[in-house]
Protein chains: 2
Amino acid sequence: MDEVTIGMIGAGTVGGGVYRALKRNGGLLASRAGIRVRLKKIAVKAFDEPRKVAVPESLMTLDWREVVEDPEVQIVVELAGGTTTARQMVLTALRLGKPVVTANKALLSAHGEELFAAAGEHGTNLYYEASVGGGIPIIKSLRDGLIGNRIDCIYGIVNGTCNYILWRMKEEGAEFHQALKEAQRLGYAEAEPSLDVDGHDSLHKIGILASLAYGFWVRPKEICREGIRSVSLADVRFADQLGYTIKLLGVAKRLAGRGVPGEPKTIQAAVYPALVPNHHVLANVADSFNAILVCGDVVGDTLFYGRGAGQDPTASAVLSDIADAARDLKHESPNRVPPFVPHERNGRVAPAAECVSRYYVRLEVLDRPGVLGRVATILGNLGIGISSVIQPGDCPGKTVPLILMMHKAPFAAMAEALEAVGRLEAVKRKPVMYRVELCD
Amino acid sequence: MDEVTIGMIGAGTVGGGVYRALKRNGGLLASRAGIRVRLKKIAVKAFDEPRKVAVPESLMTLDWREVVEDPEVQIVVELAGGTTTARQMVLTALRLGKPVVTANKALLSAHGEELFAAAGEHGTNLYYEASVGGGIPIIKSLRDGLIGNRIDCIYGIVNGTCNYILWRMKEEGAEFHQALKEAQRLGYAEAEPSLDVDGHDSLHKIGILASLAYGFWVRPKEICREGIRSVSLADVRFADQLGYTIKLLGVAKRLAGRGVPGEPKTIQAAVYPALVPNHHVLANVADSFNAILVCGDVVGDTLFYGRGAGQDPTASAVLSDIADAARDLKHESPNRVPPFVPHERNGRVAPAAECVSRYYVRLEVLDRPGVLGRVATILGNLGIGISSVIQPGDCPGKTVPLILMMHKAPFAAMAEALEAVGRLEAVKRKPVMYRVELCD
């Protein structure tokens, strides 16, 4: 049987998971792939760091260059995280013509184009199944399984931490900060949770999926981003009353440009909390699970569901990439499936202002006659129709919530309307607004 | 850009879909894969058959050998169906060293081993993503994406027709024959529906998935099969009352043999209608959709969902296999991922009698005291525990339903118990029994 020698950088959560999975299932993987994987070295930050999975010291080195530059190491597995040294590690390996497996979405998001170019230049490849959706084989599915499809849209719950928080808010009637605390206690959220709850991580992931689907590299700064810090229990409850669940969605949609040659192919790329109808499968994704809905013009709706993060699911994806890289080495086909194929030259991300959605709006208003009339007039003047209204309160003189569901409107018009509404004397707080998705 | 020439056999439902998808998205597929696909010939049964998708007569031939033996044709796409001539077509192509793409699960189920051997012998490959789950890339996911996992179990709703019928029975309160008629009207079911409703099609598919997951070829006759003809509206309703939905499941489970070398690795492989808890995602698969739950020891639970049949979803999978085959031709790596890797020598399918489940039982009994006691005694003597009972009727002297939910028991004990129960004087009809799954 053939053998391939790999070197790893990082023995933290994911690295430990890969080490353990290789130890447990390496034989099985070898008999399935026809190639035995031998782990020769692991670069770590310190020999005596606390680790969930024990790694033999005989494999360890403190210098990542020892892994990358070892002439016996044929595949480099980068699980260090970060975007500065990690970039250097990956570039160094690629320049030596060594294929790299990585789970690092932040690195891809920031430096993807540079890394892909380096891989191409040096006749090697970069594998990143583990960067999106943990153990869900969404990258392979998108670029292999659905290769014959124009992708109409992708809606992804791609951050397990946020899904856990929003799910708990709804199930337990918890406020955001309580649910966050629980997520931190369970190890789902970091002490400094911004990467997750402010939508950065989801942005990295939807950027990668949008790029693969639409064939041009979608840069992070082009992606509209809203996190879930501002989602209140009140909104979770009103949404439920209306038949919806609030989820943090990564969204990539084709907006126009189906046929006319030369016309720019415009897409929407965004991360935001949105109301999803309760009967939709995405509304029912519980706990810290991920789910990605991909709609293709030939295949129709497909959905991929699983654990989107964590030691073991991510290790499962890393192992599949190692097998892929090993096969490509064995068959001398490093570019069989290149890391990224820029197949769309006229691609363009629409500014958020242009994008059309339905909306949920919550106002805090004085409970007196005429308020709804004034709000509706402002919306109507901007061409925005109201589809339903709930006014749960009945406390004359006090402020009460006023919930409005809107028909489709461009974001720019909606923002303008809400600014005007917010200036009304009877409106006592900044209006709260969420998009409503997947209800067609 | 490279070009590959393909020939197709069959221009029926799937063939027409592939022709149309290639025409619409062939350019996109070429720019993604870096290889242009040229369709040279299509073998048909008659030039003037009625077709949903028009195919130019200039491409047609009545002789499949003209397609397979054309020296320009590099990839043969078999979409003729059937298992006799189709076997000949595929074998002829493979013996000429030509890769074959097929959607034919019946052929694979009956002759898989022979075809895989022929592919290996002649240095070529057989691609069959379209054979299970329509457009859902489940084959690739199972053998590539999850390659580092021991598969604990697979539960699949893999027949859209049966799912439509059972879904409609529950949603509309229809009896089986009414729902079947509706499925036939919509074109979901054939005039002769046996292949679907008696579980043959599901059996072919779960057999393929079980073989890939467990590494030995699972033969059709080893798979226990029950269809949905006997499912009555009464059972659908009682199940719902208990919090369950009846679904036709393809089941493949590892039963034992985790560690001891030489010990046979025993699996369960079966198709049967079963009760699934309403909150489980598989219970909520609506309409004619398919969904396949795969539990791996590293990745945890993953689920793949989409349209499992029909012209376009199947075409999507065929296109992805054509791209795969074209890449393997270009890179001269015909066996990069062989059609089947027999990685388990000690594999064995357990007889149905050995397999353990929970059960739902419905009896028609005379409404008089003491009946439950006699039934419970028989079950108890065979070591089968009752977890709950509903006795909805209250009509002394008449027959009423008696619904029992059982704890786990081997099928053999359950069958023996039900035979004894059926002989009781107060039991007026053959007992109805379904397994209960996914409630742990």
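Biologist: Which residue in S12(B) is the bridge partner of A:Thr302?

Modeller: B:Gly306 is the bridge partner of A:Thr302. This is a predicted model, where local features need pLDDT of at least 70, side-chain atom pairs count only at pLDDT 80 or more, and totals for chains, interfaces and linings use all residues. Residues are numbered from 1 along each chain as its sequence is written, and chains are lettered from A and ligands numbered from 1 in the order in which they are written.

Biologist: How many bridges join S12(A) to S12 of chain B?

Modeller: 5 bridges, and the strands, residues 300–307 in chain B, run antiparallel. Strands pair if DSSP finds at least two bridges between them. Strands (E, at least two residues) and helices (H or I, at least four) are DSSP runs, numbered from the N terminus.

Biologist: What else in chain A touches chain B?

Modeller: 46 residues of chain A are in contact with 46 of chain B, contact meaning C-beta atoms, placed from the backbone, within 7 Å. Elements giving two or more residues to chain A's side include H1 (13–33), H5 (138–145) and H11 (311–330). H11(A) gives the largest share, 9 residues.

Biologist: New topic. What rotation superposes chain A on chain B?

Modeller: 180°, with 0.0 Å of shift along the axis and RMSD 0.0 Å, by least squares on the C-alpha atoms of residues with pLDDT of at least 70 in both. The two copies are thus related as by a two-fold rotation axis.

Biologist: Which C-alpha in chain A is nearest the axis?

Modeller: That of A:Phe304, 2.5 Å from the axis.

Note on methods: Contact = placed C-beta atoms within 7 Å.
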